[in-house]
Each structure stands twice: as C-alpha cells, then as structure tokens.
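This report covers helix packing and nonpolar cores. The structure comes first, followed by the details.

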Amino acid sequence: MTTEPAFAAHAALHARGDALRVQGDLTGALARYREAGDLLPTLTEVENAAPPALAARALTQQRIGEMLIAQGDLAAALDALRAELELRRRLTAADADDAGKRDAVARVAARVAEVLVLKSAIATIQGGGSAGAPARRRPSEASWTLSAVAGALEAQGNLGGALALYREGLAIRRRLAAQNPDNVAWALDVSWSLTGLGGALMARGDLDGASESLGEALAIRRALAARDPDNAQRRLDVSWSLMAVGNALAERRDHAGALAALREALAIRRALLAADPESDGVRCDAAASLTRIADVLAAAGDRAGATAACRDARALVQELVAHAPQRAEWREDLAAIDERIAELARAA
C-alpha cells in the first residue's frame, strides 16, 4: 500500500473507532484502532520516519492505550503508552522548537506515570512482588480491599482505574470460588465483584460489557437462591441483580426487557414483604422497584402505567412514614413521588 492510501485508510479506521467509542463499544473501538496501527508499518522505513507517519502512529498508540485503560488492562495499556511516548520523543527531536510537541511528550510521560502508580497500588494491596515487600495478604482480604479502592476511584470519576481494580479483585475471587465451588460466601463475592464491574462499565458507556457482567452476577445469585429457597437474603440478592440488569437494559432502550427484569424483582420483594410485613427494609425496596418501573414505563410512553406504579409506590412509602415519622428521608421520598405523579398528569 502506498503512502496516500495508507493514510486515508488509517484516518477512516480512526473515525470508525472514535464513533464506536462514543457509542460505548470499547471493544469495537479498540479493534478499529489496532487495525489502523497495523496499516502504518506497511510504509517504507523512510516514510515511517517522516513526521506525518510518526504523528499518525503516535495517535493510534494513544487511542489504543486509552481504550485499554478504559477496559482495565493496565499492562497492555502501559505498552501502548510507552510506544506513544517514544514516537512523541522522536517527533520532538526532529523539531525541538515546537512547544506543542514538547507538551505532548510531557502529557504522555505523565500518563505513563499514572498507570505505573496504579499498577504499584494494586501490587501493594495484594502484598507481593519485590524484595522487602510486606507479607502477601490473604487473597480474600486483598479482593475486598481492591473492591473498596475501586469504588472510591469510581466515585472520583477515575473509571479506568476503577475498572482495573474491579477486574483484579474479580480474578482473585474467581480463583477462590473455583477452589471450593460449594463455598457460598466466595460465590457471593464473585457476584459482588461482577456487580461492581458492571456498574463501572455502564458508567463508562460500555453497555455490552455491563450487561454481560451483571447477567453473570444474576446467574450466580439465582443458583445460590435455588440451593437455599427458604433463605430470604438469597432471594433479596436476586432482586438486586434483577434491578441492575433492568437498569442496564433501560439504558439500551430495551424497555420490554427492562420491565420484565424490574417486575420480577418487584414480585420477589412483594413475596418477601408478605412473609414479613414488619420489614420496612423490604417495603422500601419494593417502593424503589415501583418507582423504577414507573420511570421505564414513562420512557416507553405509558404514562397511565407509570402513574399507577407511582401510586403503588406512594402507598408503600406512606406506610414507611407512618411506621417512622421521624425519618426525614421517607417524607422526602413521599414528596418526590407526589411531584412525579403531578408531572405525569401535566404531560398527559
């Protein structure tokens, strides 16, 4: 392939990758960027050393690195970013007076440092690696620490770092569960890691990855509930997974699928409440299911159904307020539902 067609194809693949990234398809975007990177080495050595080719290759490595960080693959991301850094340095060496090129080198060097710090933090949490390092933590302890730190990074908006930690914790928990398939606690830990990972992927816009993780968590919890059908907590766990799956489907505008999952969660919670009418916690959960169902019905254009769901939720929240009038948050929930009902009426 000659220079001009190679650059044109490279630009087209980058544009396609950018579009997929915006749509939340990180895997597809990464594949397009890698295809773009594979095109440029077909140029001759002289052309590869020219500034336009160096800049194009650097941009591709940047995109690949960021997609790998977004997916939590820090080792591969570090390789891509280091390749970008070398290319940026070569560009700067050819034009030392260009401040923009010098700034690009500094930016990439800082990004490499960030990834190295995150990898070091993971190694420290797991307690292994170099001479003089602290004694290796028990895997279960390390997995909980990884999940806790991942949650903190996610709250701070560092979704790439959070994904890396969630995946590290999940890998540990999978190994533990595989060693003892009858250990309910370890199986539950895997489901919690999958749920955390799914939430971070959804926040990143990777709806396919989120659905896969949340669906696997749901399958684990269904299996555990089937093994112990009288265990109310196992059934409640299933309901929370169904809520998460429903939310992911709603994000994809799969209203029918979302409603099926949310209504199944509601049915579980109603059954638990019928078995324990004094449980305000389950009553609150059932009300939350109904308000989410109302949201999805409204998004699907069913305002009458949404209003009915809101009224059912209101009845449950009224009971909560009657049981504990000092709980300000429940009075606020009641006011919010009333406002939602009024909004639906105005939209009719």
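At what angle do α12 and α13 pack, and how far apart are their axes?

## Basis

This is a predicted model, where local features need pLDDT of at least 70, side-chain atom pairs count only at pLDDT 80 or more, and totals for chains, interfaces and linings use all residues. Residues are numbered from 1 along each chain as its sequence is written, and side-chain values use heavy atoms, without hydrogens and water.

## α12 and α13

The angle is about 160° and the axes lie 9 Å apart; axes are lines fitted to C-alpha atoms, for helices over the stretch in contact, and angles run from 0 to 180 degrees between N-to-C directions. α12 and α13 are therefore roughly antiparallel (over 145 degrees).

The contact (heavy atoms within 4.5 Å) includes Leu259, Leu262 and Leu266 of α12 and Ala286, Leu290 and Ile293 of α13. By class, this contact of α12 with α13 has 14 nonpolar, two polar and six charged residues.

## α10 and α11

Helix α10 (residues 207-227) and helix α11 (residues 232-251) have axes that come within 9 Å and cross at roughly 160°. That makes α10 roughly antiparallel to α11. Among the residues that meet are Leu214 and Leu218 in α10, and Val238 and Leu242 in α11.

## Nonpolar cores

A nonpolar core is a set of buried (under 20% relative accessible area, 1.4 Å probe, protein chains only) Ala, Val, Leu, Ile, Met, Phe, Trp, Tyr and Cys residues joined through side-chain atoms within 4.5 Å. The largest has 43 residues, of which Leu242 and Ile293 touch the most other members.

Beyond its neighbours within four places in sequence, Leu242 contacts Leu218, Arg222, Ala261, Glu264, Ala265 and Ile268. A second, separate core of 41 residues includes Ala150 and Leu194.

Key: Helices (H or I, at least four residues) and strands (E, at least two) are DSSP runs, numbered from the N terminus. Angles under 35 degrees count as roughly parallel, over 145 as roughly antiparallel, 65 to 115 as roughly perpendicular and the rest as oblique. Buried means under 20% relative accessible area, exposed over 50%, partly exposed in between (1.4 Å probe, protein chains only). Ala, Val, Leu, Ile, Met, Phe, Trp, Tyr, Cys and Pro count as nonpolar, Asp, Glu, Lys and Arg as charged, and the others, Gly among them, as polar.
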